Amino acid sequence: MKTTITVNGQARSLDLDTRTSLLDALREHLNLKGSKKGCDHGQCGACTVLVNGVRINSCLSLAVMHDGDEVTTIEGIGGEENLHPMQQAFLEQDAFQCGYCTPGQICSAVGMLKEAAENWPSQASEDLTGAIALTDAEIRERMSGNICRCSAYPQIIAAIRDVAGEVA
Amino acid sequence: MRPFTYERPTDVAAAVKAVAATPGAKFLAGGTNLLDLMKLDIEQPTHLVDVNRLPLAGMEDTSDGGLRIGSMVTNSHLAADARVRSRYSVLTQAIVSGGSGQLRNKATAGGNLLQRTRCAYFYDPSKPCNKRLPGSGCSALDGLNRNSAIFGASEACIATHPSDMAVALTALGASLETMTADGATRTLAVADLHRLPGDTPHIETTLAAGELITAVVLPPAPAGGQVYRKARDRASYAGGLASVAVVGSQVAFGAVAHKPWRAEKTEAALASGAGAVEAAHAELAGAQDNGKNGFKIALVARMTADALAQAREGRGA
């Protein structure tokens, strides 16, 4: 099935089996290997990408559902020559060990900060009608869809806290 | 995953007609549950009708002071809506206690209601399950039933409905608008959407083939505090062992039955002046222990008593 998706700013036309997940389209058809396949069931978050600016699990979405959508992967977030502030903060805070979950963590963190800036509530929000303060408890709760088997969580939170401070 | 054909109509009547006319067809909304089950070969649709481009993602106040929520509003947008947060806080609390941020960004109001059970045997094709393969038996009856139902179960199935959102909607007395295969519309209570398992646990709802949920309608919020409490094995991104929604004197339980469970005996006890603890026990007196899930009876009683007290005192979530 013919599908056109704008990936990292470039329109990409694909002819796909309807069963192809967005993740497989990115990795196997567009050779963008940054997004990782961890569990392939939406439980680990390693496949997180931004679709029209919103973070989702790319393993739980069909590529054909995204005809006309704009997808940003870790490759579009930033590269060696132009690191995104979140990538820089992950480096500075040593927020990874093996690195397998990191692209998903960074895409998720970028999407999460946007959600917090729009004052979306979370389970950790004590006052649903007021302004949300991005405490460590809020960051932990909002990032619970991204698992790190090396357990670099304290450093991941520190990195996100650094960037959140810059944005605020 | 088995092969399937795919279409993406932009008109509600066309979508309903497409599913009704095609044997083996299913609606595809957020896909977070359906696609997962297709990967596991538990769901086997031959045709998917993607409803993501239907004009069903709006929200509007109703003339009587309620709120009409399009069935394609995502869980994230619903939970973040200022009207929901101020008037129906139990719904925001319930939604943000379910899934992860990524899942809530895809999950929809209609899809959330129609998600399937998380019973381990439903997910394991090597084991009998009447819900997955009618007539094959229920492995949970004498098996791993720690998270099984304590209300309304049958010899055929003791699975639970996993939604948090639906528990809040049940306590709020919400209703649904649907379109049926012939293009007609109808309204039904959320409480009447899901069936108890009986002898046919594979038939989970009262929707007809091809019938599409188009909106969730909230009545004006009743007086009194609103509280959603959920107990689970880890602090975040985990299904519930049990949950309780309190809306004034209206009470519903989650993860304890094949459907969101309206606690009518608790409500009746409250109406006749019972205190929170006594009212909580009124419903739990009818609960059933299947061997490993008996802890839920004490758990729900305590959570209910505390949530009722919390709602009365107007304490926050």
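Helix 5 of chain B crosses helix 8 of chain B in a right-handed sense, in a model that is predicted. The axes of helix 5 (residues 89–96) of chain B and helix 8 (residues 165–172) of chain B come within 8 Å and cross at roughly 165°. Angles over 145 degrees count as roughly antiparallel, and helix 5 of chain B and helix 8 of chain B are therefore roughly antiparallel to each other. On the side of helix 5 of chain B the contact is formed by V90(B), L91(B), A94(B) and I95(B), and helix 8 of chain B meets them with M165(B), A168(B), L169(B) and L172(B). By class, this contact of helix 5 of chain B with helix 8 of chain B holds eight nonpolar residues, with no polar and no charged ones.

Chain B also contains the pair formed by helix 10 (residues 276–284) and helix 11 (residues 295–313), whose axes come within 8 Å and cross at roughly 140°. That angle makes helix 10 of chain B oblique to helix 11 of chain B, and the crossing of these helices is right-handed. Helix 10 of chain B contributes A276(B), V277(B), A279(B), A280(B), H281(B) and L284(B) to the contact, while helix 11 of chain B contributes I297(B), V300(B), A301(B), T304(B), A305(B), L308(B), A309(B) and R312(B). The contact of helix 10 of chain B with helix 11 of chain B comprises 11 nonpolar, two polar and one charged residues.

In chain A, helix 3 (residues 85–92) and helix 4 (residues 102–117) have axes that come within 10 Å and cross at roughly 125°, which makes helix 3 of chain A oblique to helix 4 of chain A. The crossing of helix 3 of chain A and helix 4 of chain A is right-handed. M86(A), Q87(A) and F90(A) of helix 3 of chain A touch helix 4 of chain A through T102(A), Q105(A), I106(A), A109(A), V110(A) and L113(A). Six nonpolar and three polar residues make up the contact of helix 3 of chain A with helix 4 of chain A, with no charged residues.

A search of the whole structure finds four cavities of 30 Å³ or more.

| Space | Volume | Lining by class |
|---|---|---|
| Largest cavity | about 120 Å³ | five nonpolar, four polar, four charged |
| Second largest cavity | about 70 Å³ | nine nonpolar, two polar, one charged |
| Second largest pocket | about 480 Å³ | nine nonpolar, seven polar, four charged |

The largest cavity is lined by 13 residues, and those nearest its centre are E115(A), W120(A), P121(A), S76(B) and R104(B). At least two residues of the lining of the largest cavity come from each of helix 3 (75–80) and helix 6 of chain B.

The lining of the second largest cavity consists of C119(B), Y121(B), C129(B), N130(B), K131(B), C138(B), S139(B), A140(B), A156(B), C157(B), I158(B) and A159(B).

Two or more residues of the lining of the second largest pocket are given by strand 4 (54–57) of chain A and by helix 6 (101–106) of chain B.

Key: Residues are numbered from 1 along each chain as its sequence is written. Chains are lettered from A and ligands numbered from 1 in the order in which they are written. This is a predicted model: local features need pLDDT of at least 70, side-chain atom pairs count only at pLDDT 80 or more; totals for chains, interfaces and linings use all residues. Side-chain values use heavy atoms; hydrogens and water are left out. Axes are lines fitted to C-alpha atoms, for helices over the stretch in contact, and angles run from 0 to 180 degrees between N-to-C directions. Helices (H or I, at least four residues) and strands (E, at least two) are DSSP runs, numbered from the N terminus. Angles under 35 degrees count as roughly parallel, over 145 as roughly antiparallel, 65 to 115 as roughly perpendicular and the rest as oblique. A crossing is left-handed if the near helix is turned anticlockwise from the far one by less than a right angle, and right-handed if clockwise. Contact means heavy atoms within 4.5 Å. Ala, Val, Leu, Ile, Met, Phe, Trp, Tyr, Cys and Pro count as nonpolar, Asp, Glu, Lys and Arg as charged, and the others, Gly among them, as polar. On a 1 Å grid over the protein atoms alone, a cavity is a set of points where a 1.4 Å probe fits but cannot get out, and a pocket is an open set with protein on both sides within 12 Å along at least five of seven lines; lining residues have an atom within 4 Å of a point. Grid points are joined across faces, edges and corners, and a volume is the space filled by probe spheres set on the points.
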